[in-house]
Amino acid sequence: MNLVWHRADLRLHDHPALDAALRAGPVLGLVVLDPNILQNTTLRRRAWFYRNVTALRQAYARRGGVLLVRAGLPWEVVSRVVAELGVQQVYAVRNSTPYARFRDAKVEQALGRAVRWLPGQYILEPGTLRKPDGSPYTVFTPFSKRWWAALEPTLLEAPQRFLPLNLPPGYELGSIPQEQSDVPLPPAGEEAALGRLEAFVQAKLPAYHQTRDGLAGEGVSRLSYYFTLGVLSPRLAAQRALRRGGEGAQKWVNELCWRDFSGDLLYHRPGMLTQAFDPRWEALPWNDDAELFEAWLSGQTGIPVVDAGMRELRATGFLSNRARMVVAQFAVKLALLPWPKCERAFRDLLLDGDNASNLQGWHWAGGLGVDAAPYFRVFNLVAQAEAHDPGGAWLRRWVPESGGRPQPYRRPWLDLEQARRRYLAAAEKVAKQKRS
Ligand SMILES: Cc1cc2nc3c(=O)[nH]c(=O)nc-3n(C[C@H](O)[C@H](O)[C@H](O)COP(=O)(O)OP(=O)(O)OC[C@H]3O[C@@H](n4cnc5c(N)ncnc54)[C@H](O)[C@@H]3O)c2cc1C
């Protein structure tokens, strides 16, 4: 019997590790409820994870298969299951965050042999593409050119049936905790994700390049929370969009390339978890003001576009990319709040919260050295709302006090013009320092 250890790949379709394991014989699925992850995250994110594990167990069961669920440290759980059941080989989709690499090395150490790692979390594995001189990419456009050229039309079907397993009588399959989320959760599982992909491709994809920037996030797919847990294969999603074709599809698949770029950045620079990608930016005069941080986090700054974003995020667990850029840039460039603290608090509120994409997003919006985003570009927060929420319906929904107007609805926490000048003066000094 072979074991497929599911982590951020809670699906059966287009799953290279499952496919390889099935070719070798009968397969048992495993999900480990890892306290290092689950005790360090928020209720909404745990609840979303548990729902998707439940959906995966149902998907196994419908095909005559079994998904084991065990709580504990992965390096203890995996080797225990292998020993108990005489598992021949463990298969898994490779993950590459710093914790995942630490965890997976410890699992192999405990097992005393190698796990068969396969791709599947990204379209192109982090670390695959390198510049001609062998160094990693730090700018998106050249990365994306190579990425597009490397796209391959491979897809793997979900299995129809699993072969029967000889589990010992009464072998405990393990229960999945159910927690009541503090935000409404989308429907869980790969069928729901595939259905949403299809609906998006039919209805919204053709105009995506024109509608994607709306603050209300009406023209986008809202598939990110499925990608984060690997409930939907990004490779399948890209191929489905490209089959439909058009400018919208090109743009959308390019966003999936941003996802891969984010994974690649963190793979090569794990230090960006705590230090700016370009460390010179650590020298900005950060302002660890607890009250200002709380005002930002709870959507009470007095600036409608910032407050609408943070209130929507708290109430739903989702936010459009445009609104994410705005609230992050406000926190880093205007409020000068310590960026790692904000990045972490923001990620905890997102159902799609993901180390690599969130770090890349914060770095990009905050001008911390990722890609070619220049430090001197500071959003005009009133103009952002006017351009991307014309009519003010989104502002009115989340900040009724604003009456849908983009100007501060009361005396704001910060004088925006003063804050902009303070940031630009400090940033100019930093930018003049030589890169180490
Ligand atoms: C400050 C900030 C923080 C962010 N944090 C996260 C995060 O924790 N998790 C996360 O998945 N995305 C994050 N993003 C990227 C992006 O905002 C979301 O992926 C996107 O808004 C999700 O909505 P969607 O699924 O409708 O996207 P769509 O517009 O439909 O795009 C399709 C898919 O492409 C990927 N994608 C789109 N934009 C980006 C991007 N800029 N970077 C990386 N991948 C992208 C996502 O997987 C997304 O589901 C962040 C962006 C910023 C500016």
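With a relative accessibility of 60%, Ser175 counts as exposed (exposed means over 50% relative accessible area, buried under 20% and partly exposed in between, with a 1.4 Å probe and protein chains only). The model is a predicted one, in which local features need pLDDT of at least 70, side-chain atom pairs count only at pLDDT 80 or more, and totals for chains, interfaces and linings use all residues. Residues are numbered from 1 along each chain as its sequence is written, and side-chain values use heavy atoms, with hydrogens and water left out.

Ser175 sits in the loop between α6 (140-150) and α7 (190-203); helices are DSSP runs of H or I with at least four residues, strands are runs of E with at least two, and both are numbered from the N terminus. Leaving aside residues up to four places away in sequence, Ser175 touches Leu33, Arg57 and Val69, where contact means heavy atoms within 4.5 Å.

Turning to α5, which residues of this helix are buried? They are Ala100, Arg103, Asp104, Val107 and Leu111. These residues lie on the same side of α5, because they cover an arc of only 95 degrees around the axis, the arc being that of the directions from the helix axis to the C-beta atoms. Their cover includes β1 (2-6), α4 (74-85) and β4 (89-93). Just beyond α5, Gly112 has a positive phi of about 75 degrees.

Finally, the contact of α14 with α17 comprises 4 nonpolar, 2 polar and 1 charged residues (Ala, Val, Leu, Ile, Met, Phe, Trp, Tyr, Cys and Pro count as nonpolar, Asp, Glu, Lys and Arg as charged, and the others, Gly among them, as polar).
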